[in-house]
Amino acid sequence: MKKLILDKKKAENSSIEELISSFETDTKKGLAETDAGERLKEYGHNEITEHHESTLSKILKKFWGPIPWMIEIAAVLSACISHWDDFIIISFLLFLNAAIEFVQEFKAGNAISALKKKLATKARALRNGKWGEVEARSLVPGDIIRVKLGDVLPADIKLIDGDYISVDEAALTGESLPVEKHKGDIAYSGAIIKQGTMNALVYGTGENTFFGKTAKLVSEAKTESHFQKAVVKIGDYLIALNFVLVAIVIVTGIFRHESIWELLQFALVLTVASIPAAMPAVLSVTMAIGALALSAKKAIVSKLIAIEELAGMDILCSDKTGTITKNKLVVHGFRTLEKFTDDDVLSNAVLSSKYEDKEPIDLAILDCCSKKEGLKEELEKYETVNFTPFDPVSKRTEAEITYNNETFKVSKGAPQVILNLAHNKEKIADEVNQYIDEAGKRGFRTLGVAKTINNKWHFLGLLWLQDPPRDDSAATIKEAKRLRVKVKMITGDHEAIAKETCRQVGIGDNILQAESLEDVPDRKALKLVENADGFSQVFPEHKYEIVELLQKHGHIIGMTGDGVNDAPALKKADTGIAVEGATDAARSASDIVFTLPGLSVIVDAIKEARCIFQRMQSYAIYRISETQDVLFFTVLAILFCGVYPVTAIMIVLLAVFNDFPIMAIAYDNTKPNIRPENWNMRKVIGIGSVLGLTNVFFTFLMFYIGKHVLSGPDWHSSIFGNSVMSEHIIAARHWLVSTFGTLNFKQVQTLVFAELAIAGNLTIFLARVKQSMFSLAPGKGLVWSTIISKLIVSIMCGFGILMAPIGWYIVFVWIYACIQMTITDRMKIFAYKLFDFVGIRFKRSGKIHE
């Protein structure tokens, strides 16, 4: 037999006879064992192939990349020149970054493993004319199998014999109501049989099943986070800057005939200072602490980088059932016939229901009854003599009731079936059909109710049923719109149901049928998807395609889901969100798991994520500015002054004192932005450069003051002369020198180190806000970590620990740093206004797209 792979559409559209002929099988005898063996070799086992990567390989990957390379080079150079303290610090940072990344990847889990747990292990198959139990993994296309109550379907099948089965597809689609299947219908691997027994033809196995294709999409869905891209861009920029400036220092030193080892030593410490070695760790710690805050809001983060993606999300593709809606049927309204009332319809619907069966429709009717004062108590006086439950053949329930020595029958079910019972069906048919059409246009399910009066069936009226929106859905979607996040609803339901739900929650009524995207050019499909408010009759491949199309156009996509069918799109999305009650596969493929039902958690999560993003961006700006300050000042001082303005150990100490206390930025106070956040690298590097270069100027000024103003008695006459120098400044200088003494060059180095450490660390208070540094109070953790670290620096500089002492000159440095911060703050505000103005001009001219 020629290998035959069928997709869902071909299997649906092919008749039973065509499929039996195509697969060369026999409904009475099944396949021969020899034939089954040959097909097993051709099609492979009925299982999902899982590709494992070794733990060692995963760990080694964490040491590969531009930033790890530079840290590793710095560590090797430290060892070569026996700087073991530097080697230990650098190696610690390297392993810390790798450990944080590996732990987060390990916690993320394996979506394919979760999918495999849902598959059947055994099946009952017809082979060589005999029924027998076989391993589900040995099933092949063409096998005839029997499915019954409680079975997990082992493959994709076409039903060929029997009355009906009721199938629970919740694990696949997330929809809670069972689906009826009849002869000629198809059913998917992983679904569970709730009622009935039927024979079926296997047409898809392994990776060729609906389930298998879902797993394949999950394995293919890979998205590089914007956070990872940003870290690499910032790292590349700082590393490139370091290489250029260090090369200048080395070339200059060679021309000056300086020791090559001393040059390499200083080049090493400059490299250590410029490499953002702690940046991945600081940003990861910031996100980890943010994840704890999100967990308090019932959003569990499984992948840290999802926080940054959530902050930038501008489109949220939301599942309908159980997320926007309650996933619970309720009675929406009534349509009555003849002289009957709403209470007549409801009371007789209650009498034809049974609470013990826990059927969703019955529970909706009984819930509606409980809200009618006195009705439940009145109906308890009625006695049910006989009850016939609903089945897919008759499509109705029926009960025989006695009350006051009177016996009558009641029935509820499909409107057309109930209509056929009515004694006057010809007379009322048009009115009934009108009500059915009206309900269909608004997406409501209809249920007919009838009662016998004088042994004649009377059609009392119709119940309109719906899965209503959650109480908070409309308000949540309104708030999401305020945060500039467009919500698009995705559902497997029909267009009318989708439109009505969207209308009720304020999403919009431009609903696109997923099938309309097939065979459409990408550009046209993108326009359709962007303009749509929601999508109906959606299958897994459609969800995946919708996410992919929007991502190609630069959107950052959030995707909610709960079923196995959602797993590929959840993994493909920038932020995959598994809603409360989601399947294991959906949870495993997602980045964030909600533990409360509905969408309300998403708004809190978005706000928190945007606050976390601002903290990360503040640190990135700060790190760029500090690196530029140290690098440019040191290199320019070496070039033009011919001296090393700070020692190697001072640069190492700067890296420690300026980075580790800044981890407290994770606790900083921030306000969520009204718009989605994004890494605008032009602005991040630009603002960082403005802060950095302004600080370079002030550091040079401090170096000049220390080297020339505070180092000798003849400064004022030899440099400015009495006619030019202000008397106040001369007096201040005289007071400083006479009180604290003059400084030698080693003390000048300490003075400059103190300025770099104190003013540099204070720069974080400028980087954290766009407005004045006093516009938003910083977090207590950030304030105290800064104070403590700077007190340690002050003590070290004042008393001369690891450097020459400068005594009370440290107070002068603090005053100088405060003046420096005030001026630099004004420069920052001006720079932001300039960048915003230039950005608007460029956007209007269409030259850039942010």
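Biologist: Which way do I165, V167, S166 and D168 point from strand β5, and are they buried or exposed?

Modeller: I165 and V167 point one way from β5 (residues 165-168), and S166 and D168 point the other way. All are buried. Buried means under 20% relative accessible area, exposed means over 50%, and partly exposed lies in between (1.4 Å probe, protein chains only). Strands are DSSP runs of E, at least two residues long, and helices are runs of H or I, at least four residues long, numbered from the N terminus. This is a predicted model, where local features need pLDDT of at least 70 and side-chain atom pairs count only at pLDDT 80 or more, while totals for chains, interfaces and linings use all residues. Residues are numbered from 1 along each chain as its sequence is written, and side-chain values use heavy atoms, with hydrogens and water left out.

Biologist: How do you know that β5 and strand β8 pair?

Modeller: Two strands pair if DSSP finds at least two bridges between them. β5 and β8 (residues 192-196) have four bridges, so they pair, in the antiparallel sense. D168 stands opposite I192 in β8.

Biologist: What joins β5 to strand β6?

Modeller: Three bridges join β5 to β6 (residues 179-181), and the two run antiparallel. Here I165 stands opposite K181.

Biologist: Why is strand β11 called largely enclosed?

Modeller: Five of the five residues of β11 (residues 315-319) are buried, so the rest of the structure largely encloses this strand. I315, C317 and D319 point one way, and L316 and S318 the other.

Biologist: Which strands pair with β11 in the parallel sense?

Modeller: Strand β21 (residues 557-561) is joined to β11 by three bridges. Strand β18 (residues 486-490) pairs with β11 over five bridges.

Biologist: Why is the contact of R127 with D143 called a salt bridge?

Modeller: The term needs a side-chain nitrogen of Lys or Arg within 4 Å of a carboxyl oxygen of Asp or Glu. The closest N and O atoms of R127 and D143 are 2.6 Å apart, so the pair qualifies. R127 lies in strand β1 and D143 in the loop between β2 and β3, so the pair ties together parts that are 16 residues apart in sequence.

Biologist: Why is K381 called exposed?

Modeller: K381 has 56% relative accessibility, so it counts as exposed. Its salt-bridge partner is E378, with the closest N and O atoms 3.4 Å apart. At 30% relative accessibility, E378 counts as partly exposed.

Biologist: What makes D668 and R768 buried?

Modeller: D668 has a relative accessible area of 2%, and R768 has 5%. Both are buried.
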